[in-house]
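Student: I would like to learn how to read a protein model, one feature at a time. Could you walk me through this one?

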Amino acid sequence: MPKITYQDNEGNSKTIEVDKGLSVMEGAIQNDIPGIDADCGGSMACATCHVYVEEKWLDKLPKAEEAEIDMIDMAFEPKKNSRLSCQLIVSDELDGLKITTPSKQT
Amino acid sequence: MKKTDTIIIGAGPVGLFAVHQLGIKGLNSIVIDNLDKAGGQCIELYPDKPIYDIPAVPECTGQELTEKLLEQIKPFNTEFFLNERVEEVKKDKENWIVKTSNKNEFSSPNIIIAGGVGSFEPRKLSVKEAENFEDKFLFYAVKNKEQFKNKNISIFGGGDSALDWALELSKFSNISLIHRRDEFRGAPHTLSEIKKLEKEGKISLKTPCQLESIEGTEKIKSITIKYDNGKTEKIKTDVILSFFGLIMKLGPISEWGLNMNKKTIEVNSKNFETNKKGIFAVGDICVYPGKLKLILSGFHEVALASVECFKRARPNEKYRFEFTTSSKTIQQRLGKK
């Protein structure tokens, strides 16, 4: 199973195995990883699963669609490496992905 | 204080269908919602997105679903209290007393919380000093545009609200429109108007950059923005308008003594009552084993909760299960002959 590393904004991190096909957001929720709220449940309607992706992974991820980019505008402190974790689907290609959660979601 | 058989908190699809399920049982209700219109997430988050899993409706948008539900509950003439948030819930003998942010008070044996993921509130600017200026020189919505005449206004955001207000207020004020990306998202006509006004020097566009700080003690004097390349710029500013959309906040619900599980309310799946007798939770905000956050699940939940509401509101009457196809009483309540 692909391993995903979730790091909080203070640097504490946890690496967990996430089933292929789940989103990075779902991996966090199912494993009680704090810092990802996902209020809307993954329908790209709330920006509370906002994460920062480790720079080296940026180009390896499928490009964000317009709706995701628009929604990231609404996120708390968006940066260049911002993504919505509900849109990142775990696959073998993402094995080793590291994301950092923002200091808060709202 | 208004008396009613049931207080419904939340005017989303599930709250609206609660009116129906109570109504056909002969119970009246009132509906309270923090937004300015009915529809909840369906209207606020995805009015134009199609929904494909409403039984017998192959496809409909959030807007259409809301309109149909409002049509379905029309016979019950239910009173809506919009732009109001429930602040307080307390017990008075067998009844619950609910107070809202508009100082309305209601009394009822039943409360149905159909609050989705809480109430919608504007997403606020993240710099610390923002709070000091809120509602005086910093606004998240425009209520009266007259107060923004002949000012230096800095508008944040890249969507429709930011663009529309930049256009409108540029008629009588200096506008800086600030966005974290170079691209703006709005109607093509609006975008071309903005570009035109930029050329004429009536609007200055600042991208890609974000707010760094707000200067001033009693009033706002200026703001500092930081560009992606690290450069900063000070902009003379009297008023800030910020349009970063809405977020969902659970709000005071967490203080009502209900058993909570993260941001959801625990209920039984027999009648969706919470740990407090007479307070029910339905739709996305409730949780029980196997819960799915689907509109159709919410419809089922209110149907069952309304039976218990009947028993509490009419303790001396016997509840009789009836079909809408054959019950004369229900048909009368629906205004059919």
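Student: Is B:Lys103 buried or exposed?

Tutor: Start with the ground rules: this is a predicted model, where local features need pLDDT of at least 70, side-chain atom pairs count only at pLDDT 80 or more, and totals for chains, interfaces and linings use all residues. Residues are numbered from 1 along each chain as its sequence is written, while chains are lettered from A and ligands numbered from 1 in the order in which they are written. A residue is buried if 20 or more other C-beta atoms lie within 10 Å of its own, exposed if 12 or fewer, and partly exposed in between, with C-beta atoms placed from the backbone. B:Lys103 is exposed, because it has 8 other C-beta atoms within 10 Å.

Student: Which domains does chain B have?

Tutor: Domain bounds come from an automatic or database domain assignment. For chain B, the assignment gives domain 1 (2-121 + 247-333) and domain 2 (124-244). Their centres, taken over C-alpha atoms, are 38 Å apart. Chain B has eight helices and 24 strands, and buried residues make up 39% of its 337 residues.

Student: Which residues touch the most other members of the largest nonpolar core?

Tutor: A nonpolar core is a set of buried Ala, Val, Leu, Ile, Met, Phe, Trp, Tyr and Cys residues joined through C-beta atoms within 7 Å. The largest one has 105 residues, and those touching the most other members are B:Ile112, B:Ile113, B:Ala166 and B:Val282. Helix 7 (residues 295-313) of chain B gives the most to this core, with seven residues. Domain 1 and domain 2 of chain B both give residues to this core, so it lies between them.

Student: How do helix 1 and helix 7 of chain B pack?

Tutor: Axes are lines fitted to C-alpha atoms, for helices over the stretch in contact, and angles run from 0 to 180 degrees between N-to-C directions. Helix 1 (residues 13-23) and helix 7 of chain B pack at an angle of about 35°, with their axes 9 Å apart. Two residues are in contact if their C-beta atoms, placed from the backbone, lie within 7 Å. Among the residues making this contact are B:Val14 and B:Ala18 of helix 1 of chain B, and B:Gly298 and B:Val302 of helix 7 of chain B. Those four residues are also among the ones that B:Val282 touches.

Student: How many residues of helix 5 of chain B are buried?

Tutor: Helix 5 (residues 160-169) of chain B is mostly covered, with seven of its 10 residues buried. One of these is B:Leu163, which has 24 other C-beta atoms within 10 Å. B:Leu163 touches B:Phe184, B:Gly186, B:Thr190 and B:Ile194, not counting residues up to four places away in sequence. B:Leu163 and B:Phe184 are 21 residues apart in sequence, yet 8.2 Å apart in space, C-alpha to C-alpha.

Notes: Helix = DSSP H or I, 4+ residues; strand = E, 2+ residues; numbered from the N terminus.
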